[in-house]
Amino acid sequence: MIKIDSKEKCCGCWACVQRCPKHCITMVEDDEGFLYPKVDSSLCIDCSLCEKVCPVINQGEPRIPDMVYAAKNLNEEIRMASSSGGIFTLLAEEIIAKGGVVFGARFNEEWDVVHDYTETIEGLSAFRGSKYVQSRVGKCYSQVEEFLKKGRKVLFSGTPCQIAGLKRFLRKEYDNLLTVDFICHGVPSPGVWREYLKEEIARQCDGKNIVLSHPVFNGREARIESISFRNKCLGWKRFSFVLTLSLSDGYGDNKLVLLSEPLNKNIFLRGFLANLYLRPSCHICPAKSLKSGSDITIGDFWGIQNVMPEIDDDKGVSAVMVSTEKGKEIWGEITTINYEVAFDDVVAANSALIHSVNLNRYRNMFYGSRMNTIEMRVASLTSISFYQRCHRLLSAILLRLGLLDRLKGKLKKRS
């Protein structure tokens with residue numbers, strides 16, 4: 001029987017819930033806004049399947065990818081709509097073209113992040129772009145298994161721990177399954193996201209007590225049209241959070257950009273990047289160093305201007321790491337602008353690929369001051385001195401240039 005005696009030991013992948021033959025495990029939200037499994041012991045038959053599929057209990061081995069690339073999608077429109085270089089869309093389109101199914105994370109009607117699947121090219125747009133909230137996997141692992149057993153090709157994309165959970169859930173390798181994860185900083189709380197979004201809509205629209213699906217703006221009925229965590233209006237490196245409303249005037253809908261803030265100004269992104277409300281397991285991640293078993297890992301190629309400045313146009317470049325024969329096969333079938341690079345070039349400015357992020361010492365204070373708004377809590381806990389601001393700015397610049405880890409290495413040798 002799965003027992004969560006410490007929240008750091010559960011990544012919330014849903015594998016145990018879906019594998020239980022007696023359906024006696026449910027996911028319950030805790031006071032931090034994260035979901036954890038709860039077992040109805042009266043129905044449990046002690047088969048231990050829930051423990052056997054747990055990616056925290058059963059961790060993979062660290063890997064080094066076989067091939068590493070800096071890559072871009074040739075379609076500029078798709079690249080601009082993507083978080084980095086638009087490579088996920090190319091992989092997904094190839095699977096769809098072969099009659100396959102693609103799983104990814106999207107927003108639902110209430111703007112929660114959920115995992116879902118599509119069988120059409122048009123459906124891929126909902127999965128495109130980063131969503132800095134832990135997604136609800138729901139029944140997706142079981143759906144993947146059903147498609148695979150029918151002989152359908154399946155691409156499943158998700159966080160490294162979600163890929164690890166899927167691999168443990170399936171308990172065997174499938175030639176028709178392609179798994180794609182990404183370089184993950186950590187997953188923020190869905191509960192905090194809901195609270196932030198409601199506060200932001202209330203602040204920007206009329207009134208404090210609002211329903212997200214039917215806000216009112218200047219007396220006009222409105223609805224959220226789109227949310228982008230990684231809009232490139234200010235460039236790829238200085239991405240922005242953009243919230244767009246659709247306003248009805250009785251004759252038609254007009255789109256209004258309600259909020260557009262760069263990452264250092266947006267309250268939710270500030271709290272996320274400061275590690276104030278990441279899932280506890282993110283601080284001891286069970287799937288770093290490519291331990292998830294994924295076929296391909298993608299992410300932002302931060303520091304590309306230091307490695308290949310000639311290809312950096314500030315519109316997004318993907319780091320692509322291919323680790324299996326299946327990954328090599330599909331990589332050879334898609335058309336990209338790509339350049340082979342060293343694995344160390346990617347790691348240099350993407351430490352989250354190898355290391356779990358540090359626990360913020362103010363995390364408990366954030367959750368302990370619920371009487372205040374998200375904005376007040378994040379603003380007070382991320383305010384820093386002039387010296388700290390200079391230090392962080394310098395560190396950020398060195399990180400983007402791919403020089404931070406090298407400098408730390410030199411200082412360590414001297415000491």
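The points below concern the sheet, the helices and the nonpolar cores of this predicted model.

1. Eight strands form an open sheet in the order 5-4-6-7-12-13-3-14, and their pairing is mixed. At its edges lie strand 5 (113-118) and strand 14 (337-340), each of which pairs on one side only, and from one strand to the next the twist averages 25 degrees.

2. Strands 7 and 12. Within that sheet order, strand 7 (residues 177-182) and strand 12 (residues 296-300) run parallel and are joined by three bridges. On strand 12, T297 is the residue that D181 stands opposite.

3. Helix 6 against the sheet. Helix 6 (residues 160-170) lies across strand 5, strand 6 (154-158) and strand 7, and the angle at which it runs to strand 7 is about 155 degrees.

4. Helix 4. After helix 4 comes G99, which has a positive phi, near 80 degrees.

5. The largest nonpolar core. This core has 63 residues, and those with the most contacts inside it are W193, I227 and F229; helix 7 (residues 190-204) gives the most to the core, contributing five residues. When neighbours within four places in sequence are left aside, the residues in contact with I227 are F107, W111, W193, L197, F241, V242 and L243.

Definitions and conventions. Residues numbered from 1 in each chain as written. Predicted model: local features only at pLDDT ≥ 70, side-chain atom pairs only at ≥ 80, totals over all residues. Heavy atoms only, no water. Helix = DSSP H or I, 4+ residues; strand = E, 2+ residues; numbered from the N terminus. Pairing = 2+ DSSP bridges. Axes fitted to C-alpha atoms, helices over the stretch in contact; angles between N-to-C directions. Contact = heavy atoms within 4.5 Å. Core = buried A, V, L, I, M, F, W, Y, C linked by side-chain atoms within 4.5 Å. Buried < 20%, exposed > 50% of the residue type's maximum accessible area, 1.4 Å probe, protein only.
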